Amino acid sequence: MVKIGERYFEVKIIRKNNKNIYLRVKGDVLEVTCPRNIARDDVLRFINQKADWIDKTVLKREVRQETSKLVIDSGIYYKGKKYPLNVLKGNASLKIDKDSITIHCRSGEMEDAIKVFYKESKKEILADIYRLQDKYLKILKDYGYNEVPDYKIKLLKSMWGVNYTKKNLVVINERLIHFEDRCLEAVLWHELLHFIVPNHSKRFHEVLEYHMSDYKKIIKSIY
């Protein structure tokens, strides 16, 4: 455990056959990857030298969290707009009005209400995907892809979407329900394009941005 400013962090040291030292801030853990022959005291000195950088990194993270559309408290973001949130006890249901969102769940507790929200929102994401896909499947047809993929909506911890080419499947992160429709469209187009370009090569990005010129701007808004 080390103290940086007013915060305490656990230190996780990963020794590898590399030449340099790398530092990552993961929540309340400072993860240091370093050469095998470096002593723990040297690692701690390295961390202290990076104290200002650690403080700035944590501050930036906290600011992002405070303004993130993923935060659910007394309000909730739905398709880019923040609504006051009402959680009530009752049979599971999600109701979206012009000025508020009401979630009924058995316990009447926030944790269960959030589960209901994502479960019910999957239907809306799928409906949006089916509405958006034709435009991009027509593009892919010109490149030789003539299939219609299957879709699955689920929680992805570190990605907005995944393409399983061999299964002809696209998985979309359920958290995209919090963002504008254009964000879902950008992620969908990215994953569909992998059916003809399975990597992130120069060609992939050229085709991607040729058909969606504001792709980078859109994606930046959700990271």
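Q: Leaving aside its neighbours within four places in sequence, which residues is Leu 88 in contact with?
A: Thr 102, Ile 103, His 104, Cys 105 and Gly 108 are in contact with Leu 88. Contact means heavy atoms within 4.5 Å. Before we go on: this is a predicted model, where local features need pLDDT of at least 70, side-chain atom pairs count only at pLDDT 80 or more, and totals for chains, interfaces and linings use all residues. Residues are numbered from 1 along each chain as its sequence is written, and side-chain values use heavy atoms, with hydrogens and water left out.

Q: Where is Leu 88 placed?
A: Leu 88 is in strand β6, residues 81-89. Helices (H or I, at least four residues) and strands (E, at least two) are DSSP runs, numbered from the N terminus.

Q: Is Leu 88 buried or exposed, or partly exposed?
A: Leu 88 has 40% relative accessibility, so it counts as partly exposed. The cut-offs: buried is under 20% relative accessible area, exposed is over 50%, partly exposed is in between, with a 1.4 Å probe and protein chains only.

Q: And what separates the C-alpha atoms of Leu 88 and Val 187?
A: They are separated by 33 Å, and the two residues are 99 residues apart along the chain.

Q: Switching to rings. How many aromatic pairs?
A: Seven. Rings of Phe, Tyr and Trp (its six-membered ring) pair if their centres lie within 6.5 Å; planes under 30 degrees apart are stacked, over 60 edge-to-face, and the rest tilted. One of the pairs is Tyr 130 with Tyr 151: centres 5.8 Å apart, planes at 80°, so edge-to-face.

Q: Which parts does that pair tie together?
A: Helix α3 (residues 110-142), which holds Tyr 130, and strand β9 (residues 150-154), which holds Tyr 151. The two parts are 21 residues apart in sequence. Tyr 130 is partly exposed at 45% relative accessibility, whereas Tyr 151 is buried at 11%.

Q: What about Tyr 136 and Trp 189?
A: They form a stacked pair, 4.9 Å centre to centre with 25° between the planes. Tyr 136 is in helix α3 and Trp 189 in helix α4 (residues 181-193), so this pair links distant parts of the chain, 53 residues apart. Both Tyr 136 and Trp 189 are buried.

Q: Which residues form an aromatic cluster?
A: Tyr 78, Tyr 83, Phe 117 and Tyr 118 form one cluster.

Q: What sits over the ring of Tyr 118?
A: The charged end of Arg 175, 3.9 Å from the ring centre. Lys 167 lies over the face of Tyr 164, at 5.5 Å from the ring centre. To count, NZ of Lys or CZ of Arg must be within 6 Å of the ring centre and within 35 degrees of the ring normal.

Q: Back to α3. Is Ser 121 buried or exposed?
A: Ser 121 lies in helix α3, and it is buried at 1% relative accessibility. A polar atom of its side chain lies 2.7 Å from the backbone oxygen of Phe 117. Leaving aside neighbours within four places in sequence, Ser 121 is in contact with Tyr 78, Leu 94 and Ile 177.

Q: Where is Glu 174?
A: Glu 174 is in the loop between β11 (169-173) and α4. At 9% relative accessibility, Glu 174 is buried. Beyond neighbours within four places in sequence, its contacts include Tyr 118, Lys 122 and Lys 154.

Q: Now α5. Which of its residues are buried?
A: Phe 204, Val 207 and Leu 208, in a helix of residues 202-211. They cover an arc of only 100° around the axis, so they sit on the same side of α5. The arc is that of the directions from the helix axis to the C-beta atoms.

Q: What covers them?
A: The cover includes α4 and α6 (215-220). The face turned away from the buried side carries the exposed residues Lys 202 and Tyr 210.

Q: Last one: what is the phi of Lys 79?
A: Positive, about 55°, although Lys 79 is not a glycine. Lys 79 lies in the loop between β5 (75-78) and β6.

Terms used. A polar contact is a pair of N or O atoms within 3.5 Å; within protein, one must be able to donate a hydrogen and the other to accept it, and residues adjacent in sequence count only if both atoms are side-chain atoms.
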